[in-house]
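Open the model in your viewer and get ready to click along. We will go from the whole chain down to single atoms.

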Amino acid sequence: MNILVLGAGQLARMMALAGAPLNLIVSAYDVRSGDIIHPLTLQPLGHGLNTAIAGADIITAEFEHIPADILHQCEQSGKLRPSAQAILTGGDRQIEKALLMQAGVANAPYRVVYTQADLEKAVDALGAPLVLKSTLDGYDGKGQWRYRDGDDLHALWAELDAFLSAPEQRDGQAIIAEAMIPFDREVSLIGVRGANGEFASYSLTQNHHHDGILTLSVVRPDEHALQTQAADMLEKIASALNYVGVLAVEFFDVDGSLLVNEIAPRVHNSGHWTQQGSACCQFENHLRAVSGLPLGPTDLIQPTAMINILGQGSVPLATYRDAHVHWYNKTPRPGRKVGHINVTATSNAALATKLASLASYLPDDAFHGLKSAALALA
Ligand code: ATP
Ligand code: MG
Ligand code: MG
């Protein structure tokens with residue numbers, strides 16, 4: 001079966017790797033250039049959306065910032081999974097927030113901001129501090145601003161206004177003003193839903209960020225109360241979207257209660273650990289779900305952590321001995337995700353020891369949070 005992935009990055013690449021044993025052949029469509037490419041070699045395979053759609057049995061996506069006309073054309077072919085609506089929801093925070101309200105899952109209080117008056121009303125209603133986010137195109141903490149008590153609201157509006165009225169700005173761009181949540185930590189859940197409504201989820205993951213970018217994810221297999229809460233919220237969202245495929249949900253943990261931060265209608269960076277931590281990884285399960293195969297097991301097989309490789313073209317040789325290294329065949333640029341390292345162990349204590357060992361030779365300034373995570377696990 002031929003599966004076309006909209007988007008030609010590392011997620012398409014890892015789907016291709018996971019699909020090969022099942023004869024699920026993945027090609028990638030670069031939505032900007034219109035090129036169809038081989039997701040591993042990046043060699044061109046063809047050009048144009050019509051050609052791409054014609055050659056596919058199933059179409060899916062590796063990111064949510066895809067122009068609506070492309071999604072609708074794919075949907076008309078009857079091959080797109082999840083739906084255009086589900087992908088568009090993940091790509092527009094305004095639609096996403098409305099969905100979270102409709103699905104009845106807790107999330108940060110918010111207002112939509114188009115004008116200075118809206119911004120003032122948002123501060124009146126929500127107080128300070130606030131997080132302000134562009135509704136379209138945000139990722140890795142890009143397209144975000146902060147407002148704290150005492151900050152100059154006019155200066156902030158001047159920045160937001162310049163952003164919203166830039167000539168290259170996409171239609172429909174707005175700002176979501178959100179109450180800043182004083183969370184204890186951030187966790188995420190990766191779930192998968194089959195076309196028949198069959199649903200499964202992986203173990204809860206704790207996530208660490210630096211400068212808005214995910215640096216480290218650690219599986220939290222023993223948090224049964226939070227796991228149940230998260231799975232229940234994810235399933236509500238998936239049902240509301242009549243979702244097919246892998247769906248990721250990011251949460252804030254506030255004293256044992258979860259609030260949804262955002263959703264990603266796709267495989268997700270915080271689920272890369274499933275490649276070594278689970279019998280059937282998120283990439284394989286996504287392909288199974290969208291191509292109508294039974295879902296694979298999501299049970300945790302061993303404590304696992306995932307470390308992002310940001311902007312580094314190489315890692316010390318010892319890393320290959322101590323862990324599983326996954327490169328994305330990307331040119332390193334500062335802060336760019338070019339690979340990840342999965343670390344597995346037989347127990348949480350052994351995982352802490354391994355993380356501490358990696359922290360002793362991976363450079364601190366490139367691999368943030370490793371030492372503290374090892375200490376927290378020990
Ligand atoms: P991603 O790369 O995960 O898609 P993104 O650019 O879509 O990131 P968010 O996940 O919404 O952005 O926000 C990035 C980070 O900013 C969050 O992981 C969290 O640390 C912080 N953050 C976002 N919203 C809030 C909030 N309402 N309260 C507190 N912190 C927040
Ligand atoms: Mg996001
Ligand atoms: Mg996020």
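The tour starts with the domains and then visits a ligand and its metal ions.

Before you click, note that this is a predicted model, where local features need pLDDT of at least 70, side-chain atom pairs count only at pLDDT 80 or more, and totals for chains, interfaces and linings use all residues. Residues are numbered from 1 along each chain as its sequence is written, chains are lettered from A and ligands numbered from 1 in the order written, and side-chain values use heavy atoms, without hydrogens or water.

**Stop 1: the domains.** Colour residues 2–80 as domain 1, 109–179 as domain 2 and 185–377 as domain 3; these bounds come from an automatic or database domain assignment.

**Stop 2: ligand 1.** Where does ligand 1 lie? Domain 2 and domain 3 both give residues to its shell, so ligand 1 lies between them. Select the 21 residues around ligand 1 (a heavy atom within 4 Å); Lys-133 and Asp-140 are among the closest. Now zoom in on Lys-133: a polar side-chain atom lies 2.7 Å from an oxygen atom of ligand 1. At Ile-181, a polar backbone atom is 2.8 Å from a nitrogen atom of the ligand.

**Stop 3: the magnesium ions.** Select ligand 3, a magnesium ion whose protein donors (N, O and S atoms within 2.8 Å of the metal, or 3.2 Å for Na, K and Ca; water is not among the atoms, so sites may look incomplete) come from Glu-250 and Glu-262. Next, show ligand 2: Glu-262 bridges this magnesium ion and ligand 3, which lie 3.8 Å apart.

Key:
A polar contact is a pair of N or O atoms within 3.5 Å; within protein, one must be able to donate a hydrogen and the other to accept it, and residues adjacent in sequence count only if both atoms are side-chain atoms.
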